[in-house]
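Subject: structure handover

Hello,

The structure is below, followed by notes on what turned up in it.

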Amino acid sequence: MNKKVKTKTKYDDKEDLEIRDVAHYKKSSQVLLLFVLIVLFGFTLFNSLMYIGKYYKNKKELDKGIETIEINNMYNTVVVTNDSKIDKIIEETDDEEIMIERHSSISLMSKDNKKDGAILFDVKYDILKNTFPGSFSSNEDSDIKVKFAYSYDNENWNYISNVISTYNNTIAPLGGGFYDISGVTDTLKVATNYKLTSKASETETIYWKSETYIKNTKDNLNNNINVAFKVEYKESL
């Protein structure tokens, strides 16, 4: 009688471990690749949003009338920034008194580390359109007035109160440094041949601002004031 003998089959798990290692490696690679793609996508998205943000910021500044001009010569670098545009039509919904503030500035950097820098510049309030009726003389109770100030730190302001020339006339200051500009369509020469200096290899900036005050009355509805307030570089000394 033959006796059947059962033999156990030896299971080799080495090959299974290798398969699992390969699968684990592929899975880890896929996870790493996915992580890299997410990072790249996030970086690209961030740069795109930053670029779009800068574009709309610049566009907004251009729409507001902000311009920046850089002038370079052998001795100096001059940067002029003008936030110049005012174009206001009076509406019923406006406040009883409207104040429109505009800022402009000019910076001077001396390139020579042994020589101080110096430049001349002008400041102008160029009234392009003005439908507010004027009077024969300046009036403290004018419906539209303006005042001007300058600062070296953009915080502490010095208001001017001297007679201002235009191309056709002069305008004397009222109380509080105000100038009556009702009926005026001309260029107010706020500062002419104004000198700015900077020490060698240093930068100096002077800031200018205009404050235009308008009364919102029934008679002023739909009146329009259109102005360019600007600093103009003239020459290096």
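The lining of the largest pocket divides into four nonpolar, ten polar and two charged residues (nonpolar: Ala, Val, Leu, Ile, Met, Phe, Trp, Tyr, Cys and Pro; charged: Asp, Glu, Lys and Arg; polar: the others, Gly among them). Of these 16 residues, Asn169, Thr170, Ile171, Asp180 and Val184 lie nearest the pocket centre. A pocket here is an open set of points on a 1 Å grid over the protein atoms alone, where a 1.4 Å probe fits, with protein on both sides within 12 Å along at least five of seven lines; lining residues have an atom within 4 Å of a point. The volume of this pocket is about 290 Å³, taken as the space filled by probe spheres set on the points, which are joined across faces, edges and corners.

This is a predicted model: local features need pLDDT of at least 70, side-chain atom pairs count only at pLDDT 80 or more, and totals for chains, interfaces and linings use all residues. Numbering runs from 1 along each chain as its sequence is written, and side-chain values use heavy atoms, without hydrogens and water.

The whole structure has seven salt bridges (a side-chain nitrogen of Lys or Arg within 4 Å of a carboxyl oxygen of Asp or Glu). One of them joins Asp83 and Arg102 at 4.0 Å, N to O. Another pairs Lys234 with Asp122 at 3.7 Å. Asp122 is buried at 8% relative accessibility, while Lys234 is partly exposed at 39% (buried is under 20%, exposed over 50%, partly exposed in between; 1.4 Å probe, protein chains only). Lys230 and Glu232 also form a salt bridge, at 3.6 Å, and Lys124 joins these two in a network.

Regards
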